[in-house]
Amino acid sequence: MFSFMQKMRSFQRNFSVSSSFPLLPLQLPSPMETHVWFVLPDEFKSVSLLNQYMELLSPCEKENVLSMRGDQLQKRALLARTLVRTPIARYQINNHVVDPRSLKFKKNIHGKPELVWESDDGQCPSPLHFNISHTSSLIACGVTVNSPIGIDVEEKQRKIKNNILAFARRYFSLYEVEHLSAISDSEVQRQEFVKLWILKEAYVKALGRGFSAAPFKTFTIHEKDATNSGASEVVVESSDHPVSLTNNWQFGLFELASSHYAAVCMEKDKTSDVAMRVPMRLT
């Protein structure tokens with residue numbers, strides 16, 4: 001069972017803006033460290049605060065937010081974009097922070113958003129990688145340095161309308177279906193299904209390819225036996241590309257706000273053999 005949980009050292013949940021910049025600076029994540037930021041949309045009641053957030057967005061982002069149908073969808077879309085812009089602007093790169101309104105983004109060929117960093121020589125690839133996930137009740141953003149990342153969140157009490165095993169047979173590998181089939185307790189089986197789903201989502205998002213380019217059935221997520229240190233490890237095995245798509249990724253599975261499961265997948269640090277053995281840290 002996927003009981004693997006990362007111990008969280010701290011969380012940054014609330015974010016704020018003011019008319020005066022720069023924001024308070026933050027240290028960059030260290031190698032193999034993921035910073036996880038999250039917000040609960042229902043906690044944001046102030047219209048004036050939401051209006052401040054709107055001013056941080058680009059014209060295109062504002063248009064996208066206002067195109068959403070209903071106040072709640074608009075608020076979630078606004079908070080999601082603010083949750084990306086505000087923390088990223090606070091990270092110190094080249095010894096300074098930036099105005100969150102000045103950040104620029106692009107999408108890769110599969111549609112995954114990426115940060116475009118401005119340097120003295122013009123635009124260059126950003127050392128910061130981020131990914132965002134949301135439900136109706138929580139929005140989360142993961143940030144790393146020099147390491148692609150994927151994050152996915154889901155409510156712990158999420159109900160599955162379909163028969164779980166029938167649904168799993170459509171999307172999961174044979175090993176994963178057998179793993180779920182072996183669980184007799186229906187509630188435990190549902191929890192394991194949710195955890196497995198978000199781990200697979202996080203992996204696909206970290207690859208940056210999208211679901212169509214990396215179908216869930218083409219790889220298996222499972223929990224590796226505990227090491228001498230007592231720590232278990234979530235690993236991925238690919239049936240199509242056993243070398244290129246495996247061994248390079250590390251997973252974290254944990255809880256947010258006591259109400260959601262979250263999964264993070266990040267590429268391992270390739271700078272040294274020692275770094276490859278360093279476990280992921282979640283902050």
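**Sheets, burial and a pocket**

User: In the open sheet of four strands, which are the edge strands?
Analyst: In this predicted model, four strands form an open sheet in the order β5-β6-β1-β12, and their pairing is mixed. Here a strand is a DSSP run of E with at least two residues, a helix is a run of H or I with at least four, and both are numbered from the N terminus; two strands pair if DSSP finds at least two bridges between them. An edge strand of this sheet pairs on one side only, which is the case for β5 and β12.

User: Which pLDDT must side-chain atom pairs have in order to count?
Analyst: Residues are numbered from 1 along each chain as its sequence is written, and side-chain values use heavy atoms, leaving out hydrogens and water. Because the model is predicted, local features need pLDDT of at least 70, and totals for chains, interfaces and linings use all residues, whereas side-chain atom pairs count only at pLDDT 80 or more.

User: How many bridges join β1 to β6, and how many join β1 to β12?
Analyst: Strands of a sheet pair through backbone hydrogen bonds, in either a parallel or an antiparallel way. β1 and β6 run antiparallel and are joined by five bridges, while β1 and β12 pair in the parallel sense over two.

User: How many of the residues of β1 are buried?
Analyst: Buried means under 20% relative accessible area, exposed means over 50%, and partly exposed lies in between, using a 1.4 Å probe and protein chains only. E33, H35, W37 and V39 point one way from β1 and T34, V36 and F38 the other way, yet all are buried. β1 is therefore largely enclosed by the rest of the structure, the number of its buried residues being seven of seven.

User: M32 and N146 both have a positive phi; which of them is exposed?
Analyst: Most residues other than glycine have a negative phi. M32, in the segment before β1, has a positive phi of about 65° although it is not a glycine, and N146, in the loop between β6 and β7, likewise has one of about 55°. M32 counts as buried because its relative accessibility is 3%, whereas at 58% the residue that counts as exposed is N146.

User: At about what angle does α3 run to β6?
Analyst: β6 is covered on both faces, with I139, C141, V143 and V145 buried on one side and A140, G142 and T144 on the other. Contact means heavy atoms within 4.5 Å, and axes are lines fitted to C-alpha atoms, for helices over the stretch in contact, with angles from 0 to 180 degrees between N-to-C directions. α3 lies across β1, β5 and β6, and its angle to β6 is about 25°.

User: In the three-strand sheet, which strands stand at the edges?
Analyst: This open sheet has the order β7-β11-β10, with antiparallel pairing. Each edge strand has a single partner, so one side of it is left without a neighbour in the sheet; these strands are β7 and β10.

User: About how much space lies in the largest pocket?
Analyst: A pocket is an open set of points on a 1 Å grid over the protein atoms alone, where a 1.4 Å probe fits and protein lies on both sides within 12 Å along at least five of seven lines; lining residues have an atom within 4 Å of a point. Grid points are joined across faces, edges and corners, and the volume is the space filled by probe spheres set on the points. For the largest pocket, this volume is about 920 Å³.

User: Which element gives the most to the lining of this largest pocket?
Analyst: Of the 36 lining residues, the closest to the pocket's centre are R81, K107, G111, P113 and I132. Elements that give two or more residues include β5 and α6. With six residues, the element that gives the most is α3.
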